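Colleague: Can you walk me through this one? I'd like to start with contacts along the chain and then get to the core.

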Amino acid sequence: MLNQEAEPDDIRPDGTPQGLIQFPLRLDTDHDIVVCTDCCIGIPFDWIGGHMKDNHGLKCNDPQVFQCLNIMTPTMKSEEAQEWLSTNRIIKKAVDGVPVLQGFACSLCSYSGKKRTVLYNHISSTHKDENARATIVERKVQKPFQGHLKQYIQVESGDDSEVEDEDADEWKLKLNDDFTRLVEENHQGESTGNLDLRLINSFIAKIR
Ligand SMILES: [Zn+2]
Ligand SMILES: [Zn+2]
């Protein structure tokens with residue numbers, strides 16, 4: 001760990017930035033995570049120097065990072081990020097600047113991933129002995145970090161989704177009404193149990 005002091009020419013006596021070097025960094029203040037705006041990935045504070053050098057050919061030290069982001073204290077470090085990932089498997093608000101993708105999650109726990117097959121593997125290994133049936137559900141996912149911190153977490157949508165959910169419920173209610181009527185109408189005619197079962201199955205498939 002390089003704990004060098006600020007070089008005299010990094011900051012002017014009045015505290016304003018000296019150089020005009022701009023690093024492709026942005027701070028998500030909600031999560032205290034720095035994001036590389038070029039790579040669209042979160043960078044733990046202790047990785048910033050290395051990332052800038054290796055990926056962007058830019059030399060930058062801690063004081064310059066403080067300056068660039070207008071912060072006084074380090075942001076989330078890699079050790080903290082490890083802990084954060086394990087306790088934040090589902091986050092309410094996406095990490096700003098990191099892509100949110102359509103992925104999948106487990107219905108019994110907070111496990112999530114980008115590919116359906118990853119969830120199949122998870123369920124068959126983690127929940128194989130449980131009585132409750134685990135299913136794969138579609139969820140928005142995000143991979144906030146790379147390296148050994150590479151891991152998907154779920155992102156709950158914001159206020160917009162609540163509206164969407166209400167709409168979905170209404171739609172389900174309407175479908176339910178339609179279905180009840182359909183069954184009733186069907187019973188008036190010459191219906192068979194098999195037909196009802198088929199209707200029920202397609203109905204269930206629709207609302208899932
Ligand atoms: Zn980058
Ligand atoms: Zn699970």
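Modeller: Two residues are in contact here if their C-beta atoms, placed from the backbone, lie within 7 Å. Bear in mind that this is a predicted model.

Colleague: Fine. What share of the contacts with a separation of 6 or more is between residues 24 or more positions apart?

Modeller: Such pairs account for 60% of them.

Colleague: And how many helices and strands are there?

Modeller: There are 6 helices and 8 strands. In sequence order the pattern runs β-β-β-α-α-α-β-β-β-α-β-β-α-α.

Colleague: How much of the chain is buried?

Modeller: Of its 208 residues, 23% count as buried.

Colleague: On to the core. Which residues have the most contacts inside the largest nonpolar one?

Modeller: Leu25, Val34, Val35, Ile41, Ile43 and Ile48, in a core of 25 residues. The elements giving two or more residues to this core are strands S2 (33–36), S3 (41–43) and S8 (153–155), along with helices H1 (48–56), H2 (62–69) and H3 (78–87).

Colleague: Which element gives the largest share?

Modeller: S2, with 4 residues.

Colleague: Which domains does this core draw on?

Modeller: Domain 1 (1–87) and domain 2 (89–155), with at least three residues from each.

Colleague: Pick out Ile41. What does it touch, leaving aside residues up to four places away in sequence?

Modeller: Ile41 touches Val35, Cys36, Val98, Phe145 and Gln146.

Notes: Residues are numbered from 1 along each chain as its sequence is written. Chains are lettered from A and ligands numbered from 1 in the order in which they are written. This is a predicted model: local features need pLDDT of at least 70, side-chain atom pairs count only at pLDDT 80 or more; totals for chains, interfaces and linings use all residues. A nonpolar core is a set of buried Ala, Val, Leu, Ile, Met, Phe, Trp, Tyr and Cys residues joined through C-beta atoms within 7 Å. A residue is buried if 20 or more other C-beta atoms lie within 10 Å of its own, exposed if 12 or fewer, and partly exposed in between; C-beta atoms are placed from the backbone. Domain bounds come from an automatic or database domain assignment.
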